[in-house]
Amino acid sequence: MSINFQKNGLIAHIKNSSISYILEVIDDKYLINRYFGKTIREYRETNSFQYFKRGYNTQHLSSIENLSFDDFPFEYPTRGHGDYRIPAISITQATGIDFIDLTFKEWRILNEKPKISGLPSTFSEEGETETLEIICEDISAGIRVYMYYSIFDNLGIIVRHQKIENFGKQKITINSAKSLSLELPAKDYDFLSLYGTHAKEANVSRFALHRGIQKIESARGASSPQHQPFFALVSPDTCEESGEVYGFHLIYSGSFSAEVEKDQFGNVRAQMGLNPDNFKWSLESGEIFETPEVVINYSNNGLNGMSQNFHKLYKSHLIPKKFMNQERPILLNSWESMYYDVTLDKIEQQSNIAQELGIELFVLDDGWFRLTNSSKTSMGDWKCNEKKLPGGINKVAEIIHKKGLKFGLWFEPEMISKASNLYSEHPEWALQIPNYPMVEGRNQYVLDLSRKDVQEYIINIFHDYLKDGQIEYIKWDMNRPLTEVNSLALDFGRKSEIWHRYILGLYYVLETITSTYPNVLFEGCSSGGARFDPGMLYYTPQIWTSDNTDAFDRTIIQSGYSLLYPPIAMGAHVSITPNHQTGRITSMNTRYQVARLFNLGYELDLSKCQDYEMKEIAEQIAESKRNRKFIQYGDFFRHDVPNDNYSMWSTVNSDKTEAIVIIFQKFYNPIKSHCLFKLNYLNSDFDYCEKNTGKIYGGDELMSVGLSIPLIKSDFHVFAFHFEKIS
Ligand code: GLA
């Protein structure tokens with residue numbers, strides 16, 4: 001890993017063994033992008049910029065003849081002086097004029113990765129990253145933009161963010177400040193992203209980029225299941241196992257937008273950041289604003305290459321350090337077995353069976369504080385309903401701990417019910433716009449997390465519950481998008497800052513609680529995956545992937561999220577059949593096989609299981625514990641399959657001596673029989689024993705010839721293989 005300057009300090013080359021990122025200062029003032037992609041030993045300007053006289057164009061005060069801004073690859077473009085493509089930054093000056101003109105001032109190398117104040121971001125130990133700081137400015141407007149690019153050793157990743165400083169005398173307004181703006185050369189790309197809805201998250205969308213602007217966004221105040229804050233530009237022939245990929249992921253949990261413009265010449269500009277529709281920020285003289293961090297990922301090893309980069313980055317440089325190398329407990333969650341109707345008897349009964357089966361953590365989900373068995377009351381009060389649970393949470397914790405299980409509790413801290421003591425005392429604490437009706441979502445309003453008093457209230461609730469150390473796990477839920485996004489406490493001139501201030505408030509609360517109780521395992525959740533993003537992952541090392549626990553749908557949802565997230569981050573539960581969300585019937589084995597390479601848990605009424613099912617579950621849990629370390633810390637791959645009736649995953653350990661392979665047959669379909677499945681991520685020089693059958697195979701044969709599987713007369717059938725190297 002290195003950052004080198006060349007051409008008298010006019011070119012900066014950021015590189016490691018996988019990637020190069022090259023910037024150039026032209027004419028002493030314009031900062032442009034020269035290259036991002038596979039690593040280059042030494043940059044000698046083979047792609048020197050070809051200037052061309054164009055008609056219907058602008059002329060610039062420049063020593064360069066025929067300089068046209070129409071296709072100039074600006075690194076952080078503004079609008080208004082001849083570049084008509086999407087701008088990275090837009091500012092209204094104190095004069096009321098929407099215009100800035102950034103020119104290059106200086107750059108330097110930092111050995112430490114800078115922190116971003118109030119926002120989650122990747123971190124590194126000394127020597128693991130190098131950072132390029134670039135300063136651009138508009139002296140007339142009194143604006144300075146600091147740009148930070150950090151490269152990690154051995155990862156095809158650069159992370160980037162910007163800091164905007166008002167060094168003028170008067171207030172300015174930031175209308176938009178993207179985290180990413182990247183120029184890519186004219187060629188064909190597919191735009192790949194993840195879209196979805198509640199209980200059907202993370203579906204892959206892929207289409208050929210066309211001329212004009214293509215955009216995805218969330219304007220819901222959360223990153224949302226509708227669009228993950230991610231997109232990739234991939235070569236048309238890129239598949240799981242080969243091809244070029246540029247992937248971008250925003251470390252942020254609120255509204256975002258991602259846009260790609262393919263201009264008239266075919267050049268591509270890719271951007272991502274805070275959604276300008278939900279954002280404006282007043283910057284007083286001397287103040288600084290920082291953008292969220294964006295992850296920029298390059299691989300020429302297909303979508304799996306991109307995923308490996310993201311997984312490694314998040315496992316080693318984003319999730320809380322305490323949980324980086326900690327195996328996650330197998331849990332039983334009460335939601336699908338009890339819903340709101342929680343009782344001590346049921347808890348006693350379920351935890352008894354859970355203990356016998358080898359489960360390690362009992363999670364009491366929603367219901368424990370509600371006055372009734374519905375979502376209509378008590379959100380915000382967080383007082384245990386002792387009519388349902390005599391003795392309160394202390395009693396529940398005692399029962400669970402007596403069984404030798406850990407105890408986890410569900411909260412939805414950002415919400416307030418109209419029918420709550422908190423709302424009677426503090427109606428002004430909810431987001432609201434005077435004179436307009438307040439819209440409920442799941443029978444609840446949203447607390448105004450931009451308020452200091454609300455932040456402290458939530459923090460104190462957690463102090464009350466966590467200080468005695470009787471709770472080892474918290475599920476942090478958030479079950480509705482934001483509406484009437486206004487704070488009664490915010491000054492008139494700052495009203496449009498509330499969307500971002502909400503997220504800053506949330507991060508402050510999470511930071512305070514998780515750093516005070518570093519041993520408590522937090523699981524993020526938002527009606528399943530409605531706020532599954534790297535911002536949340538920074539605080540909550542695992543996230544409930546989807547309310548949909550159906551094994552068939554989960555093959556799609558988990559595949560989608562695995563483009564970005566390591567399986568250890570994704571909660572995957574075995575639930576009852578017919579499935580509560582889809583009504584689909586799948587076997588206990590299928591449900592387990594689909595969950596087992598992820599963060600395994602159970603969510604079903606164990607007292608209703610037949611003896612043979614109990615035996616099966618006990619065996620699953622024992623097997624999972626045996627393999628947990630290798631599964632949770634191994635490398636996860638999706639495989640290209642011969643046809644779309646199958647999905648295939650594998651987890652392989654780092655020295656490729658062990659692999660679990662799962663092949664999922666969607667439907668019984670005789671016309672699609674006799675396919676071969678190549679195990680491309682083994683070592684071709686090794687011989688492997690398949691542990692279930694005892695058969696021995698060469699790695700080369702498994703990789704080049706592939707495995708054949710029988711045609712099974714059943715829908716939703718799983719074939720599972722466990723290979724171990726023989727010496
Ligand atoms: C959300 C979560 C579920 C469960 C319920 C409880 O829907 O995604 O897992 O916790 O809330 O109300």
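Reply: Asn8 sits in the loop that links strand S1 (2-6) to strand S2 (11-15). Asn8 isn't a glycine, yet its phi is positive, at about 55°. Most residues other than glycine have a negative phi. Keep in mind, as you look around, that this is a predicted model.

Now for the ligand. There are 13 residues around the ligand, and the ones that come nearest are Asp365, Asp366, Arg442, Lys475 and Asp547. If you sort the shell by class, you get 6 charged residues, 4 nonpolar ones and 3 polar ones.

Zoom in on the individual contacts next. Start with Asp365, where an N or O atom of the side chain is 2.6 Å from an oxygen atom of the ligand. Then find Trp410, which has a polar side-chain atom 3.0 Å from a ligand oxygen. Asp477 is another one to click on: an N or O atom in the Asp477 side chain lies 3.0 Å from an oxygen atom of the ligand. How much of the ligand does the protein bury? Taken alone, the ligand exposes 300 Å², and the protein buries 97% of that.

Helix H4 (residues 344-357) and helix H5 (residues 392-402) have axes that come within 9 Å of each other and cross at roughly 20°. That angle is under 35 degrees, so H4 counts as roughly parallel to H5. The crossing of H4 and H5 is right-handed.

Further along the chain there's a second pair. The axes of helix H7 (residues 452-466) and helix H8 (residues 498-516) come within 10 Å, with a crossing angle of roughly 25°. Because of that angle, H7 is roughly parallel to H8. As for handedness, H7 passes H8 in a right-handed crossing.

One last stop is a proline. Pro578 is in the loop between strand S29 (570-575) and helix H11 (588-595). Most peptide bonds are trans.

Key. Residues are numbered from 1 along each chain as its sequence is written. This is a predicted model: local features need pLDDT of at least 70, side-chain atom pairs count only at pLDDT 80 or more; totals for chains, interfaces and linings use all residues. Side-chain values use heavy atoms; hydrogens and water are left out. A residue is near a molecule or strand if one of its heavy atoms lies within 4 Å of it. A polar contact is a pair of N or O atoms within 3.5 Å; within protein, one must be able to donate a hydrogen and the other to accept it, and residues adjacent in sequence count only if both atoms are side-chain atoms. Accessible areas come from the Shrake-Rupley method with a 1.4 Å probe; for residues, only the protein chains shown count as cover. Ala, Val, Leu, Ile, Met, Phe, Trp, Tyr, Cys and Pro count as nonpolar, Asp, Glu, Lys and Arg as charged, and the others, Gly among them, as polar. Axes are lines fitted to C-alpha atoms, for helices over the stretch in contact, and angles run from 0 to 180 degrees between N-to-C directions. Helices (H or I, at least four residues) and strands (E, at least two) are DSSP runs, numbered from the N terminus. Angles under 35 degrees count as roughly parallel, over 145 as roughly antiparallel, 65 to 115 as roughly perpendicular and the rest as oblique. A crossing is left-handed if the near helix is turned anticlockwise from the far one by less than a right angle, and right-handed if clockwise.
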